[in-house]
Amino acid sequence: MPITEQQVRHVAKLALLDLPDAELSATARQLDAIVGYVEQLSQVDTTGVEPIANVAGLVNVLRADEPGAMLPTAAAMAIAPKHSADAYLVPKVVER
Amino acid sequence: MSRPTARAIAAAVNAGGSTRPAVETALAACAGDQLNAVIRVHRERALTTADRVDARVRAGERLPLAGVPIAVKDNLCVEGLPATCCSRMLEGYVAPYTATAVARLEAAGAVIVAQTNMDEFAFGSSNETSCYGPVKNPVDPTRIPGGSSGGSAAVVAAGYVPVSLGSDTGGSIRQPASLCGCLGIKPTYGRVSRYGLIAFGSSLDQIGPFATDAADAALVLQTMAGLDPLDGTSAPHAVEALPGGDALRGLRVGFVPGHAEGLQPAVRAALDATKARLQAAGAVLVPIELPHERYAVATYYVIGTGEASSNLSRMDGIRFGHRAEGADLRAIYAASRAQGFGTEAKRRIMLGTYVLSAGYYDAYYKKAQQVRRLICRDYETAFAACDVILGPTSPTTAFKLGEKLSDPLQMYLSDIFTIASNLAGTPSLSLPAGRDEQGLPIGMQLQGPMFSDARLLAVAQALA
């Protein structure tokens, strides 16, 4: 089932990417070619095979919950495009 | 190339020589770069670091990398230096902290002289997706150097520096090492801390060195490897020294007969020649099969893009990097990302978002994780019968700039031999193995079981 322009628009929205209408059809074609290639995975019999997330078999790696060195606020703010002394500045997100 | 090795430079400095000659030579070479391999030279910082190394040595310290000039890929954070992943998205970003791997090298006396070009966010096999433009292959400037660590491969192959750092998610160290004619190793997953490496595929990424020989690569790897509390996936395994003795006599070398199919004839000839050399040195050749390897590229383009789309969601224009104007928060995110990311980055983010989206997760991501386990099992079976696996790193030598840029799938298939070991987490290196009829470098890949990095390097050293 080929990927439609409507699907591309939906995925772009999920991915938080502005995608001009002019690029929709080319993007659909390219994604379709790659997804078509990936479809070959359906040929593999994976009955009863556990999905693997970490090749070393690690599950949860815990450490002591103790305060340690952290990035100073000023250093974090210095690399932000818009900031005050201790906060990132964005348009209002809550109406009241 | 008769440039001194990292070992020779460190030995001279530890014996009381100044760090200056080697550092100045490297700085001059990087400043005169004609390949677009170097994107930033850090002369003052390098000279200050070098002076500090001199003072430490004068005070009686002996440092394994004393005064060794290195170049690092632009996705490694070094406090106070830009780290842009060669993307407009991170233009202006200056790292507020240093990657563990880099910090360990500097603590051991290494001197960062430059940062190197790469495919944008490491998405590419030709170093053509960089916002700074493509890197040229040092052997033939009309050709690609391989990618994504093309700059780091080129600076070592061209002799600017004895060693450099890259990162490898699907072949991004080994493929450019092969195409440029130097040695590059992707260590076992977990061997080197990923803290401070700007993430692409967190279950696949490893930092590794480029070098002119295996002993230099081993020196760098040993210095930066080991457990790091800042990376929960870093491994507690001890980092072995290179095994002494005859690395080849009695070595069981596995090879997949199917790997010889479809290769450029000169690459096939080099593979045959390497097998013959191994046999002559007393190694035993063992035919093996990796039945699910043919699915590695498909598996990788689901897992790698899924992880990338998740990792790159932090590039939102708010906390760092490029920010566009917008009426509301969502508009700022979407416009910042649309302006900041290049074509290939957008493609991979879209693909990754698609395979993780509701209704497709089981068919793609979960399926890929299941096939990934089968690929891991293939290796476990294979390494019961052999100690290392020999094969080509790349099916061809370096292709022309622009040749595959418009066909993403063909580009993805250039990593056909390198991807499986990222999926399995196993170590893998590429070593120089001659030239084709046009003089272009050929590389052979050696793969081993988990944590056999030192043995792979010993075999590569014996083959040099």
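This is a predicted model: local features need pLDDT of at least 70, side-chain atom pairs count only at pLDDT 80 or more; totals for chains, interfaces and linings use all residues.
**Notes on the A–B model**

1. Why can H15(B) be called largely enclosed by the rest of the structure? The helix spans residues 453-463 of chain B, and 8 of its 11 residues are buried, so the rest of the structure largely encloses it.

2. Now to the contact between the chains. Chain B contributes 62 residues to it and chain A contributes 48 residues. Together the two chains bury about 4900 Å², with 70% of that on carbon and sulfur atoms.

3. How many salt bridges does the rule find across the interface of chain B and chain A? There is 1 salt bridge, and it joins the side chains of B:Glu325 and A:Lys82, at 3.4 Å from N to O. As for polar contacts, 17 residue pairs between chain B and chain A are counted, with both residues at pLDDT 80 or more.

4. On the side of chain B that touches chain A, the elements giving two or more residues are helix H9 (296-311), helix H10 (329-340), helix H11 (343-356), helix H12 (361-385), helix H13 (408-413) and helix H14 (419-424) of chain B. H12(B) supplies the largest share, 12 residues. By residue type, this side of chain B divides into 35 nonpolar, 13 polar and 14 charged residues.

5. Next, the nonpolar cores. The largest has 83 residues, and B:Phe121, B:Met315 and B:Phe341 touch the most other members. Elements of both chains give two or more residues to this core: helix H1 (5-14) and helix H2 (24-38) of chain A, along with H9, H11, H12, H13 and H14 of chain B. Here too the largest share comes from H12(B), with 10 residues.

6. B:Met315 is worth a look in the viewer. Setting aside neighbours within four places in sequence, B:Met315 is in contact with B:Met89, B:Leu90, B:Phe121, B:Ile198, B:Phe320, B:Arg337 and B:Phe341. Apart from the core described above lies another, of 61 residues, among them B:Val68, B:Ala217, B:Leu248 and B:Leu263.

Note on methods. Residues are numbered from 1 along each chain as its sequence is written. Chains are lettered from A and ligands numbered from 1 in the order in which they are written. Side-chain values use heavy atoms; hydrogens and water are left out. Contact means heavy atoms within 4.5 Å. Buried area is the accessible area (1.4 Å probe) that two parts lose on being put together, summed over both. A salt bridge is a side-chain nitrogen of Lys or Arg within 4 Å of a carboxyl oxygen of Asp or Glu. A polar contact is a pair of N or O atoms within 3.5 Å; within protein, one must be able to donate a hydrogen and the other to accept it, and residues adjacent in sequence count only if both atoms are side-chain atoms. Helices (H or I, at least four residues) and strands (E, at least two) are DSSP runs, numbered from the N terminus. Ala, Val, Leu, Ile, Met, Phe, Trp, Tyr, Cys and Pro count as nonpolar, Asp, Glu, Lys and Arg as charged, and the others, Gly among them, as polar. A nonpolar core is a set of buried Ala, Val, Leu, Ile, Met, Phe, Trp, Tyr and Cys residues joined through side-chain atoms within 4.5 Å. Buried means under 20% relative accessible area, exposed over 50%, partly exposed in between (1.4 Å probe, protein chains only).
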